[in-house]
Amino acid sequence: MAENVWIGAGATILPGVSIGRDAVVAAGAVVTDDVPPASLVTGTKATVRRRW
């Protein structure tokens, strides 16, 4: 996990998944794939909703 990452309550992150710098994982998200830097992921099959 990189610096400045925010993970919401109840989020599930599977083993081996990388989370990029300045990323946000929404509450309740299930993260099965790597999260790119500076992005927001949401949903039961976490998908990128926004990048900055």
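How many bridges join strand β3 to strand β5, and do they run parallel or antiparallel?

## Parallel pair in the sheet

In this predicted model, 2 bridges link β3 (residues 24–25) with β5 (residues 39–42), and the two strands run parallel. If you look along this pairing, you will find Val24 opposite Leu40 of β5.

Both strands belong to an open sheet of 4 strands, in the order β1-β3-β5-β6 and with mixed pairing. The edges are taken by β1 (6–7) and β6 (47–51); each has a single partner strand, so one side of each lacks a neighbour in the sheet.

On to the antiparallel part: β5 and β6 are joined by 4 bridges. Here Val41 has Val48 of β6 as its bridge partner.

Between the two strands of this hairpin lie 4 residues, and Gly43 adopts a positive phi near 105°.

## The nonpolar core

Val41 also has a place in the largest nonpolar core, which counts 9 residues in all.

Leaving aside residues up to four places away in sequence, Val17 touches Val31, Thr32, Asp33 and Asp34.

Conventions: Residues numbered from 1 in each chain as written. Predicted model: local features only at pLDDT ≥ 70, side-chain atom pairs only at ≥ 80, totals over all residues. Heavy atoms only, no water. Pairing = 2+ DSSP bridges. Core = buried A, V, L, I, M, F, W, Y, C linked by side-chain atoms within 4.5 Å. Buried < 20%, exposed > 50% of the residue type's maximum accessible area, 1.4 Å probe, protein only. Contact = heavy atoms within 4.5 Å.
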